[in-house]
Amino acid sequence: SAPEPAPVEEGAAVPPGPAAPATTPEPARPPRPAPAAAVDPAALAARLFAAAERRYEDGDFTGAAAEYRRALGARASAPGFVGLARALYDSNPQYAAEALRALDAAIKLDPRHAQAYLLLGVIHQDEGRKAQARQAYERFLTLQPAGPQAADVRQILAKQPQ
């Protein structure tokens, strides 16, 4: 059995104990970065869409088109494509072909999105394609038969020869 250590008087120096074994400290690791917060594509698209709508309402059609493209990059939607088409066409009617492609994409995503047909009718009418305009306006009225836009479209159709 090991002998008991001698009692130490108060105030007396304590002899050093056996040396602790030398250990190599672990190399310092950089802290792990916090995982990136998962971005909800729908929420991101909604924020970008709202920003695009504000730009459009402010008359910045080119900026609105860029924001609609960003929103569509986050999540494709019929309202996003219609917004893009509207911003493109309003910024410069020379973008009619690109606006029509955006409307085609909107209709493919949601064939019941009435606003796509309304804008399709406007662009066709402006471009002199009366039969295509009439067809788009009639589809709009099928989908959205009430409201101020419907009344306006009925007036447009009443003025067009068949």
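**Entry 1: α6 and α7**

I began with helix α6 (residues 130-143) and helix α7 (residues 148-159), which pack at an angle of about 145° with their axes 10 Å apart. I took axes as lines fitted to C-alpha atoms, for helices over the stretch in contact, with angles running from 0 to 180 degrees between N-to-C directions. Helices are DSSP runs (H or I, at least four residues) and strands likewise (E, at least two), numbered from the N terminus. The model is predicted, so local features need pLDDT of at least 70 and side-chain atom pairs count only at pLDDT 80 or more, while totals for chains, interfaces and linings use all residues. Residues are numbered from 1 along each chain as its sequence is written, and side-chain values use heavy atoms, with hydrogens and water left out.

I noted the crossing of α6 and α7 as left-handed (the near helix is turned anticlockwise from the far one by less than a right angle; clockwise would be right-handed). On the α6 side, I listed Arg134, Tyr137, Glu138, Phe140 and Leu141 in the contact. On the α7 side, I listed Gln149, Ala150, Val153, Arg154, Ile156 and Leu157. Contact here means heavy atoms within 4.5 Å. By class, I read seven nonpolar, one polar and three charged residues. The classes are nonpolar (Ala, Val, Leu, Ile, Met, Phe, Trp, Tyr, Cys and Pro), charged (Asp, Glu, Lys and Arg) and polar (the others, Gly among them).

**Entry 2: α3 and α4**

Next I looked up helix α3 (residues 78-91) and helix α4 (residues 96-109), whose axes come within 8 Å and cross at roughly 170°. That angle makes α3 roughly antiparallel to α4 (under 35 degrees is roughly parallel, over 145 roughly antiparallel, 65 to 115 roughly perpendicular and the rest oblique). The crossing of α3 and α4 is left-handed. From α3, I found Ala78, Phe81, Val82, Leu84, Ala85, Leu88 and Tyr89 in the contact. From α4, I found Ala96, Glu98, Ala99, Ala102, Leu103, Ala105, Ala106 and Leu109. This contact has 14 nonpolar residues, no polar ones and one charged.

**Entry 3: aromatic pairs**

I searched the whole structure and got two aromatic pairs. Rings of Phe, Tyr and Trp (its six-membered ring) pair if their centres lie within 6.5 Å; planes under 30 degrees apart are stacked, over 60 edge-to-face and the rest tilted.

Phe49 and Tyr68 are edge-to-face, at 5.7 Å centre to centre and 65° between the planes. The pair links distant parts of the chain, with Phe49 in helix α1 (residues 41-57) and Tyr68 in helix α2 (residues 61-74), 19 residues apart. Phe49 is partly exposed at a relative accessible area of 25%, whereas Tyr68 is buried at 0%. The cut-offs are buried under 20%, exposed over 50% and partly exposed in between (1.4 Å probe, protein chains only).

Tyr56 and Phe61 form a tilted pair, 4.9 Å centre to centre with 45° between the planes. I have Tyr56 as buried at 13% relative accessibility and Phe61 as partly exposed at 24%.

**Entry 4: His113**

I placed His113 in the loop between α4 and α5 (114-126). His113 is buried, with a relative accessible area of 16%. Leaving aside neighbours within four places in sequence, His113 is in contact with Ala78, Pro79, Val82 and Leu143.

**Entry 5: whole chain**

I counted seven helices and zero strands in the protein chain. Of its 162 residues, 31% count as buried. Among contacts between residues at least 6 apart in sequence, 45% join residues at least 24 apart.
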